[in-house]
Amino acid sequence: MILVIPSPNLYIRSSKFLNQYLYMEYNFREIEKKWQEYWHDNRTFRAEDKSSKPKYYVLDMFPYPSGAGLHVGHPLGYIASDIFARYKRLKGFNVLHPMGYDSFGLPAEQYAIQTGQHPDITTKTNIARYREQLDKIGFSFDWDREVRTSDSAYYKWTQWIFIQLFNSWYNPETNKAEPIDTLIPKLNNYSSLSEKEQSDLLLEYRLAYLSDTMVNWCPQLGTVLANEEVKEGVSERGGYPVERKLMKQWSLRIKAYAERLLNDLDGIDWTDSIKEAQRNWIGKSVGTSLKFKVENSKSEIEVFTTRPDTIFGVSFVTLAPEHELVQQLTTSEHKKEVEEYITFAKNRSERERMADVKKITGVFTGAYAIHPFTGKQIPIWIGDYVLLGYGTGAVMAVPGHDSRDYAFAKHFDLPIIEVVAGGDLSKESYDAKEGKLINSDFLNGKDVKAAMKKAIAVIEEKELGKGKTNYRLHDAIFGRQRYWGEPIPVYYKDGIPHVLNENELPLTLPEVDKYLPTETGEPPLARASSSWKKDGKYDYEYSTMPGWAGSSWYFLRYMDPENEKAFVSKEAVDYWQNVDLYIGGAEHATGHLLYVRFWTKFLNDLGFISVTEPAKKLINQGMIQGVSSFVYRVGTNVFISKNRIDTAFSADELKQVGMESNDAHVTQIHVDVNIVNNNVLDIDAFKNWREEYKNAKFILEDGKYICGSEVEKMSKSKWNVVSPDLMVEQYGADALRLYEMFLGPLELSKPWNTNGISGVSNFIRKLWRLYHKDDVLNVSNEPATKPELKILHKTIKKIIHDIENFSFNTSVSNFMICVNELTELKCNKREILEPLAIIIAPYAPHIAEELWQQLGHTESVTYAAFPECKEEYLVESAFNYPISFNGKTRFFQEYDLALPKEDIEKEVLTLEQTQKYLEGKTPKKIIVVHNKIVNIVV
RNA sequence: GCCCAGUUGGCGGAAUUGGUAGACGCGCUGGUCUCAAACACCAGUGAGAAAUCGUGCCGGUUCGACUCCGGCACUGGGUACCA
């Protein structure tokens, strides 16, 4: 029979089909769909509220459902946590593995401002898209517990927690939060104050409080930002400039928890880098407060120092420009200069200030302080290197032993006194806490440590100051002048803030005509209709809560998501406790992860929950970077293959592309990575990619166009975004899951390279073939042989070790080795293949379910029992010893493991090869390490 | 500047924590099948002709170092006048 081929194109297509039919026996498209539907219909991953099983809580960091959807980097952590959750189910745990959305946030609101579309609609659309993408990857989430922070049923409780914060104060004696009622009896003459005065006084104690605060004001976003939302002087989202501004704002008193937030880090299994970042952010420093009298004045300046030992090295005092004593101290001769400087400092934006940290600015006030020990005059300066928000907003400057004071002194030519020997003060300050004290009266001759003790003792004795601890951590500003957030459940009556009653919650987000501030600069909520008032007459608070409010307690809501009576029931927390394994990005180190710890401790203080930390173990997954591809354009529309850039073109080539000379300028242009395969450009796809390239001409190498490449952040503008949907479409969800894990250690950042995915795709087909012959299940019930059992149990052992150490990349390798070895042995024994299907199920759940079913099981593999490793199959009787000379392995020799060291030593020396390497010399020493190595020292 | 990671073939990475460096996979080369190609399968693949040399660089400890210690360089992330 003659096969007539109508066109080469069709032929290629039909042959592709043929190959699929012949080799791609495993139809992942059908099978993955089948099991995803099965899991959904049977609610396979539902966590039990009550169970005799031990519990295990695996949580992923709350995603914000952005409009761009997921790229291949997002699911990395979800896949890892999913593997762990599935593993724990196989190990007999009742697993809570939920997912939901942190759905309030800026992008939906910005989109609303531009288009007028209600952020709720945008958010719902984005969530639907997210869900669709997540479902394709086969995650084992318990979707019955989904929460969304923008649902009023959820934010009702976020508001409720805010009210608890408002109604509490931090009692330093019991070292925990208590209801505000326990404070009132401690306040003198409270009852004699007016209502307004009482309110103002209590606001100084409440954990949620209203005050005039220096805030990070972002004019472009029209809102204030928390410190951790500001990066390098611009807003983290959007990159807009930020300035300092004094505003009446709601804040949370997180600073009260600083010490506990710091200490409790020791008890949790988080990465060192996150703990370190939190320690730095909290920034505890122990020192002394010290008062300086001001000459010819009743005022005193209080400074904070960690180096009281250097008190005799003080040569001036510096105040922050905003310091309250500045006006009062400044002498009339210096008034003008000082005022100019204050104006200058105020108008300098945060960004400018940071950009030129090294630029030293300051001004003399004309006033002098009196040194508490020497009685000498000390000039008082103002400088913006001193921050009002830290310590007392004033420093005793010791230029000899503090590099910032040194720089200031050098710049303004102020005296530098050496009080600790060991440095060279003509070059730089000597900041080290080592050396003997000099020029220091009663401290002379002591080392720094002893001098510090002595100085503190004398300072306290003379009542000049006392020991003090400072934290860098600021209270968290809690109001945002935005629309798309939780309304703060507060109304104002005669200028006094009141919180709503619990039965008045939720205070739902009102409709507004526009999502912009009002003409008078009030937040968007001020646009709500005039009926949006408490009891029809009192204004509500117009600020909304920040993005991190809802995410500070969501791990609790998953335990009891439907509860209408409480944010979570006590029984639910008593059972689920806290998160056993939390996986997410390291970028939340000082934001979310600090706030969620704070709220957890607060809720614990009030007795609502039994835990003091949200998560026992935390793992940070690395970023997946993109690999960008480049084409090189010469002239207007000619593209030159990468390795031809520096080579001359032949006259023929020039003619072909219509160019006159060799030396046109080369431009590097990003090209969509989806039309590049192994650096080879798909030229036809490129011509169709954009209209302007339709008639592009090419200078090739070996008949191909080779692109350049570079590792960059994955982003739309760099054309290097790879979507998980496409990977699932082409290779299947199991392949994507395996490949993401196979790429490298979870915590490390690594570039995405689609090329390698064919490796795991082959592996899945090989696995399938182990169980099948001509696409029909072919499994034998014969007992397995010893070598087969050894392969299985070796693999079980390694997989358990790998999963428990979160080394998912090596477990994928181990599966490959296992399947390769079993294929080699042509093993198709049920005794081997059944346990294999179970251990691979957490990684590749779809194919595992299908194999499990074909093996005759009617229940999902999800709740099978993870096989035990039987060591007896792994014992060896002999070991092939590497024989090394001076540590270099030269050859191998097998010896019985029962053979004593001395005998091995003797045996080795008799070997012909040993004599060859000894070259007639006598060995100095022979080291035999049982089951490891033989080393001969020559 | 400070803090935290990291640096191993052409590429992603492995090494039971001091005991055979380069597992596993990609890519590449050769072969089988095919008129040919793709797919699949088989073999090879750190460098070097070899002796040997090889885990960012220099030094140390050790019978033996990718692994431990001291110093340095580079890359990535965080942070920033915190007294």
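Let's start with helix α27, where Pro-845, His-846, Ile-847, Ala-848, Glu-849, Glu-850, Leu-851 and Trp-852 are buried. Please keep in mind that we are looking at a predicted model. The helix runs over residues 845–854, and eight of its 10 residues are buried, so it is mostly covered. What do these buried residues pack against? Their partners are α2 (28–42), α3 (75–90), α22 (733–742), α23 (757–771), β30 (772–773) and α26 (830–840). Just past the end of α27 you will find Gly-856, with a positive phi of about 110°.

Now, on to a sheet. It is an open one with four strands, in the order β6-β5-β9-β17, and the pairing is antiparallel. Which strands stand at the edges? Those are β6 (223–225) and β17 (476–477); each has a single partner strand, so one side of each has no neighbour in the sheet. For β17, pairing with β9 (residues 243–252) is antiparallel and goes over two bridges. If you want to find a bridge on your screen, look for Leu-252, whose partner in β17 is Ala-476.

Next, a few spots in the loops. As background, most residues other than glycine have a negative phi, and most peptide bonds are trans.

Take Pro-506, in the loop between β19 (496–499) and α15 (548–551). The peptide bond joining Leu-505 to Pro-506 is cis, with omega at about -5°. Is Pro-506 buried, partly exposed or exposed? Its relative accessibility is 29%, so it counts as partly exposed. Which residues does Pro-506 touch, if we leave aside its neighbours within four places in sequence? The contacts are with Ser-152, Tyr-155, Lys-156 and Gln-159.

At 51% relative accessibility, Asn-189 counts as exposed.

Finally, have a look at Trp-719, in the loop that lies between β28 (708–712) and α21 (724–731). Here too we have a positive phi in a residue other than glycine, this time near 60°. How exposed is Trp-719? Its relative accessible area is 32%, so Trp-719 is partly exposed.

Definitions and conventions: Residues are numbered from 1 along each chain as its sequence is written. Chains are lettered from A and ligands numbered from 1 in the order in which they are written. This is a predicted model: local features need pLDDT of at least 70, side-chain atom pairs count only at pLDDT 80 or more; totals for chains, interfaces and linings use all residues. Side-chain values use heavy atoms; hydrogens and water are left out. Buried means under 20% relative accessible area, exposed over 50%, partly exposed in between (1.4 Å probe, protein chains only). Contact means heavy atoms within 4.5 Å. Two strands pair if DSSP finds at least two bridges between them.
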